[in-house]
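Dear colleague,

I am passing on the structure that I said I would send, and I would be grateful if you could look it over alongside the notes that come after it.

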Amino acid sequence: MDSLGLNKACAAVLVAGIAFMGATLLGDGLVSPTKLAKTAYQPALPESDKAAVPVAITPDPPVELLLASADPARGEAGVKSQGCVACHSFNQGGKAGVGPNLYGIVGAPHGHMEGYSYSAAIKAKAGPWTFDELSEWLKKPSTYAPGTKMSYAGLSDPKKRADIIDYLRTLAANPEPLPTPPAPGAAPAAPAAPAVKAL
Ligand code: HEC
């Protein structure tokens with residue numbers, strides 16, 4: 001390419017560049033887009049996606065309250081369907097199986113059965129089995145007493161736990177009285193309530 005040809009080529013590139021710049025500036029000046037306040041297209045979430053949105057975890061209602069509407073007959077069916085009967089006997093003087101006999105367990109000390117070899121986890125628990133503690137225990141034994149040898153995963157439904165605890169309550173010559181349900185609006189699981197403390 002001779003020098004004139006080279007000049008022409010350079011000029012062509014320059015002109016093209018200037019034309020492009022000019023067009024861009026002109027375009028920006030002529031069109032002024034307005035920003036939308038919100039997204040114009042808002043797709044409706046299908047139900048399945050809504051379910052995935054995390055919801056606040058609500059604590060279980062106090063067991064005192066649930067016991068008021070619990071039913072020992074449902075609890076008796078519960079210990080069968082939950083498989084408690086595979087490991088426990090419930091009759092007075094019943095033998096230990098994999099787990100101890102549970103007659104009179106409500107209000108009895110932790111590790112209440114004479115001669116049964118409890119884990120250190122249960123032996124370390126002081127005081128009697130209260131309604132609250134039984135509920136926590138049955139919710140998830142391994143959380144209530146880490147290292148326990150009761151290999152039962154737990155029952156998350158607080159109403160079903162209350163039914164079972166109500167049934168366990170009846171397994172005594174003099175069943176523990178039902179606790180007084182907390183007054184509506186009172187702080188949940190008020191530990192100072194006399195009925196709970198008495199246990
Ligand atoms: C796989 C067998 C097994 C199943 C199922 C099982 N348990 Fe147990 N349970 C045990 C064993 C073993 C212990 C002793 C725990 C320890 O010493 O750590 C125990 C302990 C207990 C205790 C404490 C007893 C005491 O004297 O302190 C209660 C209450 C109890 N179980 C209730 C239940 C209920 C109610 C169910 C059903 C919802 C249930 N268990 C299901 C094996 C079982």
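This is a predicted model: local features need pLDDT of at least 70, side-chain atom pairs count only at pLDDT 80 or more; totals for chains, interfaces and linings use all residues.

Residues are numbered from 1 along each chain as its sequence is written, and side-chain values use heavy atoms, with hydrogens and water left out.

The protein chain has nine helices and zero strands, where helices (H or I, at least four residues) and strands (E, at least two) are DSSP runs numbered from the N terminus. Of the contacts (heavy atoms within 4.5 Å) in the protein chain between residues at least 6 apart in sequence, 50% join residues at least 24 apart.

Helix α4 (residues 72-81) packs against helix α8 (residues 158-170) at an angle of about 100°, and their axes are 7 Å apart; axes here are lines fitted to C-alpha atoms, for helices over the stretch in contact, and angles run from 0 to 180 degrees between N-to-C directions. The two helices α4 and α8 are therefore roughly perpendicular to each other, a term that covers angles of 65 to 115 degrees. On the α4 side the contact involves P72, R74, G75, E76, G78 and V79, which meet D163, I164, D166, Y167 and T170 in α8.

D166, which lies in helix α8, counts as buried because its relative accessibility is 3%. Leaving aside residues up to four places away in sequence, D166 touches L67, A70, D71, P72 and L178.

Turning to the ligand, there are 27 residues around it, of which C84, C87, H88, Y118 and M150 come nearest; a residue is counted as near if one of its heavy atoms lies within 4 Å. A polar side-chain atom of Y118 lies 2.5 Å from an oxygen atom of the ligand, a polar side-chain atom of T148 lies 2.6 Å from an oxygen atom of the ligand, and for a polar side-chain atom of H112 the distance to a ligand oxygen atom is 2.7 Å.

Technical notes:
Angles under 35 degrees count as roughly parallel, over 145 as roughly antiparallel, 65 to 115 as roughly perpendicular and the rest as oblique. A polar contact is a pair of N or O atoms within 3.5 Å; within protein, one must be able to donate a hydrogen and the other to accept it, and residues adjacent in sequence count only if both atoms are side-chain atoms. Buried means under 20% relative accessible area, exposed over 50%, partly exposed in between (1.4 Å probe, protein chains only).
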